[in-house]
Amino acid sequence: MGLLKALLYGLLALVFVVLIGARFGWLSGRPPSDLGVTQGYLKPPSLTRNSVSSQAGLYPDHPQRAHALIPPLPLKHGDATASLRTLATVLQMQPGMTLVKQRPDYLYAQAQTRWLRFVDDLEFWFNPARGVIEVRSASRLGREDAGLNRRRLEYIRAAYLRQ
């Protein structure tokens with residue numbers, strides 16, 4: 001009985017430390033230094049199952065290509081500038097979302113989870129060659145996101161298309 005009680009107290013202490021650490025931003029990670037568009041490419045998908053990208057197909061030998069592949073966003077009425085403005089409005093309405101960078105052809109946002117305050121990085125870029133908005137969303141920490149980045153982007157897609 002004493003061992004069970006000690007394990008329970010230890011578990012409660014661990015939960016307490018994790019929650020306190022989350023409030024101080026210990027689980028938010030650091031933004032990657034290589035975000036943005038380089039020669040027509042967003043950053044490649046992660047090597048683990050914690051990201052999605054509409055450009056994953058450009059990396060045929062990538063170990064997470066099939067898992068990471070997600071469709072790009074279509075333009076609204078064929079207008080890239082208006083489409084990105086609409087997308088920026090949609091992003092600003094999302095809980096826990098901060099629009100960090102906004103250019104005429106590129107948006108960068110950070111999404112923070114409610115309880116543990118993990119941060120994911122989201123990028124949107126108008127690709128003039130394809131006439132679409134390329135998307136990428138990746139967790140900063142962890143090897144698996146349980147599909148959160150995909151669900152978040154699909155929710156953003158639905159809200160964007162409704163606008």
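The points below go from the overall fold to one serine and then to the largest pocket.

1. Please keep in mind that this is a predicted model. Its secondary structure comprises four helices and six strands. Reading from the N terminus, the order of elements is α-β-α-β-α-β-β-β-β-α.

2. Of the 163 residues in the protein, 40% are buried. The protein exposes about 9,600 Å², with 61% of that supplied by carbon and sulfur atoms. Taking contacts between residues at least 6 apart in sequence, 51% join residues at least 24 apart.

3. Ser-51 is worth a look on your screen. Ser-51 belongs to strand E1, which covers residues 51-53. Is Ser-51 buried or exposed? Ser-51 counts as buried because its relative accessibility is 1%, and the cut-off for buried is under 20%.

4. Now for the surroundings of Ser-51. Leaving aside residues up to four places away in sequence, Ser-51 touches Pro-45, Ser-46, His-67, Ala-68, Ser-137, Ala-138, Asp-145 and Asn-149. With Ser-46 there is a particular pairing: a polar atom of the Ser-51 side chain lies 2.9 Å from the backbone nitrogen of Ser-46.

5. The largest pocket holds about 170 Å³ of space. Which element gives the most to its lining? That is H4, with four residues. Strand E4 (106-112) and helix H4 (148-162) each supply at least two lining residues.

6. Residues lining the largest pocket include Gln-94, Met-97, Thr-113, Leu-148, Arg-151, Arg-152 and Tyr-155. By type, the lining divides into five nonpolar, four polar and two charged residues.

Key. Residues numbered from 1 in each chain as written. Predicted model: local features only at pLDDT ≥ 70, side-chain atom pairs only at ≥ 80, totals over all residues. Heavy atoms only, no water. Buried < 20%, exposed > 50% of the residue type's maximum accessible area, 1.4 Å probe, protein only. Polar contact = N/O pair within 3.5 Å; in protein donor to acceptor, adjacent residues only side chain to side chain. Contact = heavy atoms within 4.5 Å. Areas by Shrake-Rupley, 256 points an atom, 1.4 Å probe, with all protein chains shown as cover. 1 Å grid on protein atoms, 1.4 Å probe; cavity = no way out; pocket = protein on both sides within 12 Å on 5 of 7 lines; lining within 4 Å. Points joined across faces, edges and corners; volume = space filled by probe spheres on them. Nonpolar A, V, L, I, M, F, W, Y, C, P; charged D, E, K, R; others polar.
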